[in-house]
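Here is a short briefing on side-chain contacts and surface charge. Keep the structure open while reading.

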Amino acid sequence: MNSVPLYRQAIWKRSEQLRGYASTINTALLAESKRFSNELGMLTEGFDDYTAQDVRELFEDEDWNVSEYFPTLFRNSTFCNVYLWFETTLVSICKHDRIRSGRRFNGREHSKMLACQRYLNACFGSEFSDQHPDWEVAGDYYKTIRNCITHSDALLTMAAPSVNQFLIRKGCMDTSGKVKRIKLTHEFCLESLETVQRLLNSVLDKIDSPSESSPIAAFRA
């Protein structure tokens, strides 16, 4: 049985769920920010600048929660969910395809992405991961970002310079403190979802119709 259509359907369904989750959270965050801003405006209405500033200082903690903490928390959560789904789906695809390809897939490796990369290169040639435009982003940059969020409280203390440059280009780095920190945007979360969805479908395209020159095509012949 060809499982590729089932994987495509599952990928589409899960990506739509994650996209809806991210959009729902973003809408709620914007609404809460607007509510707090309006409430604070009403509280300080008619006050002189100095008194109004004193009132705002009373709400500094809530202002920080609404403008910084909650958006960061939920966007980091969204991104980590996207990456986890990407990695587990890719591992599942490789595990299932090894039955057809007859090639070994070591799913017990510490780095699941490396195991997948080795398997796919064995099946389709090293050019697959070397030349695919999304592989470096999803398989390297996203993995590092996820690890920094999960293990280092989003601090970029051990990230490679290329990852730092990637985050700067995306407008997702906070340099206001002594140590650089990841600060994801809603747009970045949606973009990451599109990237991993596109890459997963590219893998399925290769499995469904390998070129005549690929190792897996020769094996199946």
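The count of salt bridges in this predicted model comes to 9. One of them joins D205 and R8, with the closest N and O atoms 2.5 Å apart. D205 sits in helix α8 (residues 186-208) and R8 in helix α1 (residues 4-44), so this pair ties together parts 197 residues apart in sequence.

**Salt bridges**
- D205 is partly exposed, at 38% relative accessibility.
- R8 is also partly exposed, at 26%.
- E62 and R35 form a salt bridge, their closest N and O atoms being 3.2 Å apart.
- That pair links distant parts of the chain: E62 is in helix α3 and R35 in helix α1, 27 residues apart.
- E62 counts as partly exposed at 27% relative accessibility, and R35 is partly exposed at 32%.
- A network of salt bridges links E32, R35, E39 and E62.
- R198 forms a salt bridge with D134, and the closest N and O atoms are 2.7 Å apart.
- This pair links distant parts of the chain too: R198 belongs to helix α8, while D134 lies in the loop between α5 (127-131) and α6, 64 residues apart.
- R198 is partly exposed at 43% relative accessibility.
- D134 has a relative accessible area of 8%, under the 20% cut-off, so it counts as buried.

**Aromatic pairs**
- The count of aromatic pairs comes to 10.
- Y69 and F70 make a tilted pair, 5.6 Å centre to centre, with 55 degrees between the planes.
- Y69 is partly exposed, with a relative accessible area of 37%; F70 is partly exposed at 31%.
- F79 and Y142 make an edge-to-face pair, 5.5 Å centre to centre, with 90 degrees between the planes.
- One aromatic cluster is formed by F79, Y141, Y142, F166 and F188.

**Negative surface patch**
- D48, D49, D54, E57, E60, D61 and D63 form a negative surface patch.
- Helices α2 (49-58) and α3 (60-101) each supply at least two residues of the patch.
- D54 lies in helix α2.
- D54 is partly exposed, with a relative accessible area of 47%.

Conventions: Residues are numbered from 1 along each chain as its sequence is written. This is a predicted model: local features need pLDDT of at least 70, side-chain atom pairs count only at pLDDT 80 or more; totals for chains, interfaces and linings use all residues. Side-chain values use heavy atoms; hydrogens and water are left out. Patches are made of residues with over 30% relative accessible area and no salt bridge: like charges are joined within 9 Å, nonpolar side chains (Val, Leu, Ile, Met, Phe, Trp, Tyr) within 5 Å. Accessible areas come from the Shrake-Rupley method with a 1.4 Å probe; for residues, only the protein chains shown count as cover. A salt bridge is a side-chain nitrogen of Lys or Arg within 4 Å of a carboxyl oxygen of Asp or Glu. Lys and Arg count as positive and Asp and Glu as negative; His and the chain ends are not counted. The place of a charge is taken as NZ of Lys, CZ of Arg, CG of Asp or CD of Glu. Helices (H or I, at least four residues) and strands (E, at least two) are DSSP runs, numbered from the N terminus. Buried means under 20% relative accessible area, exposed over 50%, partly exposed in between (1.4 Å probe, protein chains only). Rings of Phe, Tyr and Trp (its six-membered ring) pair if their centres lie within 6.5 Å; planes under 30 degrees apart count as stacked, over 60 as edge-to-face and the rest as tilted.
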